[in-house]
Every structure is written in C-alpha cells, then in structure tokens.
Amino acid sequence: MKKGVLLVNLGSPDSPTAKDVKPYLDEFLMDERVIDVNPVLRNIIVRGIILNTRPKKSAEAYSKIWWEEGSPLIVLSERFMGKVQKHTDLPIALGMRYGSMSIKEGLQELKKKGVDEVFLVPLYPHYAMSSYETVVVKALEVQQQDFPEMQVTTLPAFYSNPDYIKILSASIAEGLKGFDYDHVLFSYHGVPERHIRKSDPTKFHCQLNGQCCKTNSVAHHTCYRHQCYDTTELVKKELNLPEDKVSTSFQSRLGSDPWLQPFTDKEFERLGEEGVKRLAVITPAFVSDCLETLEEIAMEGKEQFQEAGGGDYIHIPCLNDRDDWAELMAKWIKEWEEKDALPETNIR
C-alpha cells in the first residue's frame, strides 16, 4: 500500500465579500456538530435569521484581515504544508472542512498519486465536536462514499504532546520577549456547555463545576474544557509563568444557551478595570491564524481592553508555518509511516 497525508483545517470564504461569505457560513453553520439542534430549527436559525444579516458583517471583518495572497488561514496552511513536504517523501494534500478547498478534493489528489493509506491530520490541538470531531466524521464519510479502497488513520488530539507543548511554549516565549507583561491570557474558542456533556462517554463525569476537569477520567479524551485548561497548565509549567499572572478564557459565542466561561470579552473588561496595563493574549485552540484570532482577538480585543482602562496589548501569533512546528509534524508523519505509531498524548 502507498501512504499519504491529508492535512485538514477549518476553511475560508473565497473572498471577503458577502456573496462568497454567505455560502461559506451556510455550510459551516448548517453542520450538525456546530449548531447541534433539531434540523428544522437549525434551518430556521441559520437560513431564516443568520444568513439574512451575518454575511455582510462577516465580510467586513474578513476584509480587515485579508491578505494580498488571499485568506490568511488558507495561505498559512499552504505554507505549512509546503514546509512539511520538504521533510517527507510521502504525498501531502490539503483540504478544508468548509469552503471550496474540500476534503474530497484533497483525497482525490492523493488518489491520483496512488495513495490508498491516508494519515488524516485535523489541524486542531484539542478534541471538540465542532472542530476536531466534525473533520474526522466528514473525512470518513467522504472516504467511505467516494474512496472505499482507502484506509484512514487519524492523528489524535495533540494538545498535551510534550513536543507540541515545547514548540507552543517556545513561540509564546518569543512573543513575550521584550514585553513586560502584567498578565497573560490564554483565550480558546468557545463551545456550548452541552457539547461538553454530549462528548462525555461516561455521561456523568463532566459536571462543569471546576472539579471534574481535575479528576482523572476517560472523559478527558474528548473533553474540550479539560484539554484547554491542561494546555494552559502545561505551558505555564514549561515557561514558569507566575500563577497570579495567567488565566484562561473562551471567545466567540452564539445564541443564548450556556457557553464555556469565563468569556474572553468579559475578561478584557475585568483585567482593564482591575488595573492590568500590559496584556498578552494567546489563542492556542488554533494552529493557524484566522478571522477569529486576527480580527476578534488581535483587533477587537485590544480595543475592548484599552476601553476598559488597559494599556499595551499584544496578540501572540499561532504556530502558523513555524519551522519547528513543520518539523514536528513531519516527525509524526515519519513515525506513522515507518512504525504505524501515533504521537504521545498524555491524557491526565
């Protein structure tokens, strides 16, 4: 059998225009693992309400962060793939969960190169229904329908992998160099609380009470909240960050249902009001900078913090196409290629 690799990231509209943003948002928000309600209700919410107002506003946000080469997330993902390719002879393709650069096209590209054993790499460090899980489910659905001869092995969530933590910590240390911070905020993408409970295989461990995430359980394999807090703790330990200068929050929420807290925008306000003058923000739920990190956090977040009384503000970039990150991915690919081995995850 011939092996190959499919990297999968979130995706992007084809342009920062309402015309292109609308179909992208439709595919994204109609995903049953993103808005996990009754299909009829989801259709009403998305196509009856959101898509009548959101595309124009989202297009304006995309236009603020769009690069000359295109969508930052797409460009960065392509650069990353190019660097990884330099370290392996295996064919590598890139697909997106949403948008025109599809998972099916990525698998088709690999098939043309004779690949029938695929290493699926969801480019998300943590397990969540609306990110990691939906990539895996979609990829397997496409594989079974269109490429039944292919075998697929999936890279597990790597949020606690020691080598990954070292590289994430190194990138943060570089971002903090020369910045005499008062506080470091780890801001992760938010999800509804019900997603945490739905992903709990025990159906009783995840109580969202602040204690369950500290109690070892099989539920931690699929608990996004635990994994986010664990990433913060591992980086904090790696960099010896002061306990009283680090906190974790969750950004981006939709609707009125309970979402993971504390909310990042409220944290910007709290920290500014409590006298924090120099704030550094990290967004480790993503490995590639995107609309959420570049506009919501780097731009809007700075404004919110400073309006609340804060001062200097920096957003530390995601890993993007760092050389050490590309080399680590190539190492994982080589271990899978030669030994069918997957990276250490250290679930606690």
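These legends walk through several close-up views of the structure above.

The model is predicted, so local features need pLDDT of at least 70 and side-chain atom pairs count only at pLDDT 80 or more, while totals for chains, interfaces and linings use all residues. Residues are numbered from 1 along each chain as its sequence is written, and side-chain values use heavy atoms, with hydrogens and water left out.

**View 1. An open sheet of 4 strands has the order 2-1-3-4, with parallel pairing.**
Helices (H or I, at least four residues) and strands (E, at least two) are DSSP runs, numbered from the N terminus. Two strands count as paired if DSSP finds at least two bridges between them. Strand 2 (92–98) and strand 4 (151–154) stand at the edges with a single partner strand each, so one side of each has no neighbour in the sheet. From one strand to the next, the twist averages 30°. Axes here are lines fitted to C-alpha atoms, for helices over the stretch in contact, and angles run from 0 to 180 degrees between N-to-C directions.

**View 2. Strand 1 pairs with strand 2 and with strand 3.**
How many residues of strand 1 are buried? The count is 9 of 9, so strand 1 is mostly covered, where buried means under 20% relative accessible area, exposed over 50%, and partly exposed in between (1.4 Å probe, protein chains only).

**View 3. Strand 3 (residues 117–122) runs parallel to strand 4.**
These two strands are joined by 4 bridges, and Val-118 stands opposite Val-152 in strand 4. Helix 5 (residues 103–112) packs on the sheet and touches strand 1 (3–11), strand 2 and strand 3. The direction of helix 5 makes about 165° with that of strand 2. Contact means heavy atoms within 4.5 Å.

**View 4. Strand 6 (residues 246–251) is largely enclosed by the rest of the structure.**
Why is that said of strand 6? Because 6 of its 6 residues are buried. Val-246, Thr-248 and Phe-250 point one way, while Ser-247, Ser-249 and Gln-251 point the other way. In a regular strand the side chains alternate between the two faces of the sheet. Strand 5 (residues 183–189) pairs with strand 6 in the parallel sense over 6 bridges, and His-189 stands opposite Gln-251.

**View 5. UniProt lists His-189 and Glu-292 for "binding site" in an unreviewed entry.**
They span 104 residues in sequence, yet no two of their C-alpha atoms are more than 8.4 Å apart, so they gather at one spot. UniProt positions are given in the numbering used here, feature names are shortened, and annotations may be inferred rather than shown by experiment. His-189 lies in strand 5 and, at 24% relative accessibility, counts as partly exposed. Glu-292 lies in helix 11 (residues 291–307) and, at 13%, counts as buried. Not counting residues up to four places away in sequence, His-189 touches several residues, including Tyr-224, Ala-285 and Glu-292.

Gln-251 is buried, with a relative accessible area of 2%.

**View 6. The axes of helix 7 (residues 162–176) and helix 12 (residues 323–339) come within 10 Å and cross at roughly 170°.**
That makes helix 7 roughly antiparallel to helix 12; angles under 35 degrees count as roughly parallel, over 145 as roughly antiparallel, 65 to 115 as roughly perpendicular and the rest as oblique. Where they meet, helix 7 brings Asp-163, Tyr-164 and Ile-167, and helix 12 brings Asp-324, Trp-325, Leu-328, Lys-331 and Trp-332.
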